[in-house]
Amino acid sequence: MKRSQIKRRPLADTVLASLEPEERDYRELDGNGLYFRVKKNGAKSWNLRYKKADGKWSWLGLGGFPAVSGKAARQKAQELQQLASDGIDLSSYRQEQNASAKQVYTFAQSAETWFERKQQSGLSKGTLRQMRLYLDRDILPALGNKDITAITRGDCAGVQAAIESRNAHVIAGKVRRWVSQIFSEAIARGRCELNPASELRHIAESGPRTQNYPHLLEHELPDFLKELRNGTARMRFLTTAALRMVLMTASRPGMVRHAEWKEIDLSRGLWTIDKQKMKMRRDFVCPLPRQIVETLREVYELSNRSRYVFPGIGHVNSMMSENTINKAIATIGYKGRMVGHGSRHTASTLLREHGWNRDYVEMQLAHVEPGTAGVYNKAAYVDQRTAMMQWYADYLDALEEGLSEARKRRFDDAVNVVPYPL
């Protein structure tokens, strides 16, 4: 339509859309200092006429139409006119706004923000030390000083490849996840729009196959248990007790070494471990078989003045050394065939082969599995695991003593029976 046909203001969007260009650019007043500009090439935009602090009139662009509608332009014009009435120079204000919108964030800034949040989330000191180490060693030297919006997939792939070249494939996988998390958080904060590290797993090199900890299978346990019994005289009682606790609870040796008396309830046969100690960062209740409860009552007479159930030797070591359990296994002739951590694999295999519910086993191992098993993380299965671990402790004793077919059938009949029929 011709601008001569305009009948009312402010201008309706239908009028704005239909206004025709003329031989020269022109502006039509919309109201309150806001003008609608139509260029001779047909381009349309919004202009605000305002008075500067020195009393002179000036123009300020508010964006093109139809990207900026009439309603949006009027609202923006009202806000800017209020600023101008307060003595603010709109031209300087707009420059500051544009500079802020174009602020450059380096990858290092976003990485440090991400790391601070990891610190606040309560991750273990060991995990945080590892994150800090590889941020400083590999990630930040390659990406830190770059504008986060300018980093390419090739840049991220280069970080991964450099670590893989050292045959550090496990670390490469962790670094890949961390870099991807940093970009994801930066996207959420409006610092960038894309995550160039999101698909790196598809070009990651396959590392060597993970080797299980040395462990024993069921047919090897009778001889091992007998050697352990015979070797008790050559070891400290606390060492033997710690090793038996590892074996009969399928616990990580480190958890046993860090066990504190305040966590142990001998009357109920329960060991409650705070989530800060757990690898998966959730509270965990471990049932203690009768044999372990009896052993711990004896241990208490020796270490009840200590914070830790298994204290170290002398004043320097507050808890048992991390090598003590494996040295004990080596002492009885099983070096290279069995380690403390391998007892978890032994327990898992034996319990599953005898038909114990997989979810009970995984919960006892404090594992988190993908898929359906994940829903069981909220359930402790304490009663079921109490029965299962008492069965397991009794079964180990029976293997050491010699297991008759009749006794084996009784054990088979007790699988998954709660409470466990003593």
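Residues are numbered from 1 along each chain as its sequence is written. In this predicted model, local features need pLDDT of at least 70, side-chain atom pairs count only at pLDDT 80 or more, totals for chains, interfaces and linings use all residues, and side-chain values use heavy atoms, with hydrogens and water left out.

Helices (H or I, at least four residues) and strands (E, at least two) are DSSP runs, numbered from the N terminus. Helix H2 comprises 16 residues (70–85) and should span 22 Å at 1.5 Å a residue, which agrees with the 22 Å between its end C-alpha atoms; the expected span is 1.5 Å times one less than the number of residues. Gly70, Ala73, Ala77 and Leu80 are the buried residues of H2 (under 20% relative accessible area, 1.4 Å probe, protein chains only; exposed is over 50%, partly exposed in between). They cover an arc of only 95° around the axis and therefore lie on the same side of H2, the arc being that of the directions from the helix axis to the C-beta atoms. Exposed Lys71 and Gln78 are carried on the face of H2 turned away from its buried side.

An open sheet is formed by 3 strands in the order E5-E6-E7, with antiparallel pairing (at least two DSSP bridges between two strands). Strands E5 (264–265) and E7 (284–287) are the edge strands, each pairing on one side only. Strand E6 (residues 270–273) pairs with E7 over 4 bridges in the antiparallel sense. Isoleucine 273 stands opposite phenylalanine 284 in E7.
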